[in-house]
Amino acid sequence: MSDFSNRLLDWYHNNRRILPWREDPTPYHVWLSEIMLQQTRVEAVKGYYARFLDTLPDVDALAQAQEDTCLKLWEGLGYYSRVRNLQKAAQEVMEHWGGEIPGTSDELKKLPGIGPYTAAAIAAIAFGERIPAIDGNLLRIYARLERYEESIRTPAAQKKAAQYFAEQMPERSAAWNPVRENNGKGGTIAKDNPCGNFNQALMDLGNAVCLPGSAPACGQCPVADFCRIHKECPGKETSLPFIPAPKEKKTELLTVFMIRSGDRTAVRKRPARGLLAGLYEFPNAAGHLDDKEAVAWLRKNHVEPVRIKKIVDAEHVFSHKKWIMQGYEVITDPFAEQSIPFIMAGEEEIVSLYCIPSAFSAYSDWLIAQKQ
Ligand code: SF4
């Protein structure tokens, strides 16, 4: 084993984070956690992870679940295509793999929603494959270790980082037994797994020591002796990695209507394709409509307002666009509710049945506040 590996794994042994999916790293657990952790902080994932497993404890249960159940369990995590792909992949595992999650990164990449990073992470952590899982953390650490001064947002940087860590990675353990139980629930648990641990050590190093943005804690870094930026330009570690400025996000204006009749509020299902596909939302229109335009939009949609007033403004930033929203509360005549073409739901139902994405959380919160 290289000196780099030895020091990193020793450090990991003493400093590793205790995380629920690490305590019982079946392929299903590792897969679920890796999908949840994309774009989401570890602390935020823990509760979702436990709740998801309580309801859908194995691949079979996930494959058979109603889509709305999966979406509800994901509510608030965002990027809902992740859970849709997770379910599609579970159905493929049941149909084509006899209920066993495939055990190599090449096979895993063929499943919906599993890209090269996730495939490598599952293969290394759950099956002991000797492959580095390159994400933003590892790219940052690589750029600093090797003083890589080009953009890290390129396939060339990915390749170099993968080569570098593959060279440092320990051999697959001879004690590691890749034969899995044929239990249809994801198989055996990795216990003696240096390749999985090497990847997790780098994840923890990026989380606790070689931090993004703020100054890295080089004094506590187990691989500081191998780090070129630290040795050659001490104090300048945060100058790397080089990340080119992001493109301006497209801005869209929206008017959100909280249409209320008695104690019910209108929600509707979004189209089956596109942004936030198939989730529920409060009815809304493109643009920032003034009172007169808002009333015209409501009438066009068969809603007869008795009273209308401006409520909260909100913003939501997606990966590629930004919504700037203004809201109206619209009180309608309960006797005219039949003509409203939306689902009229009580607050309880909105909370428990309809998955409303966090893009509308200012309006969900506003609704809850009306009760208090
Ligand atoms: S020495 Fe500092 S900059 Fe280099 S890898 Fe360690 S924490 Fe990161």
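Mentor: Let us begin with helix α1, residues 3–15, which packs against α12 at an angle of about 75°, the two axes being 9 Å apart. At such an angle α1 and α12 are therefore roughly perpendicular to each other. On the α1 side the contact is made by Ser-5, Leu-8, Leu-9, Trp-11, Tyr-12 and Asn-15, and on the α12 side by Pro-194, Asn-197, Phe-198, Gln-200, Ala-201 and Asp-204. Sorted by class, this contact of α1 with α12 has 7 nonpolar, 4 polar and 1 charged residues. Please keep in mind throughout that what you have before you is a predicted model.

Helix α12, residues 194–208, also meets helix α9, residues 116–127, and here the axes come within 6 Å and cross at roughly 130°. The helices α9 and α12 are therefore oblique to each other, and α9 passes α12 in a left-handed crossing. If you look for the residues involved, you will find Ala-121, Ala-124 and Ile-125 in α9 meeting Cys-195, Gly-196, Asn-199 and Gln-200 in α12. The residues of this contact divide into 4 nonpolar, 3 polar and no charged.

From α9 we can go on to helix α3, residues 27–37, whose axis comes within 9 Å of the axis of α9 and crosses it at roughly 145°. In this case the crossing, with α3 passing α9, is right-handed. Pro-27, Val-30, Trp-31, Glu-34 and Ile-35 in α3 meet a set of residues in α9 made up of Thr-118, Ala-121, Ile-122, Ile-125, Ala-126 and Phe-127. The residues of the contact of α3 with α9 divide into 9 nonpolar, 1 polar and 1 charged.

Where the two meet, 7 residues of domain 1 are in contact with 5 residues of domain 2, and the side of domain 1 that touches domain 2 divides into 2 nonpolar, 2 polar and 3 charged residues.

The ligand is surrounded by 14 residues, of which the closest are Cys-210, Pro-216, Cys-218, Cys-221 and Cys-227. The elements that give two or more residues to this shell are α10 (136–145) and α13 (228–232), and the largest share, 3 residues, comes from α10. The shell around the ligand divides into 11 nonpolar, 1 polar and 2 charged residues.

Two details of the backbone complete the tour. In the loop between α10 and α11 (155–168) sits Arg-147, whose phi is near 50°, a positive value in a residue other than glycine. In the loop between α13 and β1 (250–261) you will find Pro-241, and a cis peptide bond, with omega about 5°, joins Leu-240 to Pro-241.

Terms used: Residues are numbered from 1 along each chain as its sequence is written. This is a predicted model: local features need pLDDT of at least 70, side-chain atom pairs count only at pLDDT 80 or more; totals for chains, interfaces and linings use all residues. Axes are lines fitted to C-alpha atoms, for helices over the stretch in contact, and angles run from 0 to 180 degrees between N-to-C directions. Helices (H or I, at least four residues) and strands (E, at least two) are DSSP runs, numbered from the N terminus. Angles under 35 degrees count as roughly parallel, over 145 as roughly antiparallel, 65 to 115 as roughly perpendicular and the rest as oblique. A crossing is left-handed if the near helix is turned anticlockwise from the far one by less than a right angle, and right-handed if clockwise. Ala, Val, Leu, Ile, Met, Phe, Trp, Tyr, Cys and Pro count as nonpolar, Asp, Glu, Lys and Arg as charged, and the others, Gly among them, as polar. A residue is near a molecule or strand if its C-beta atom, placed from the backbone, lies within 6 Å of it.
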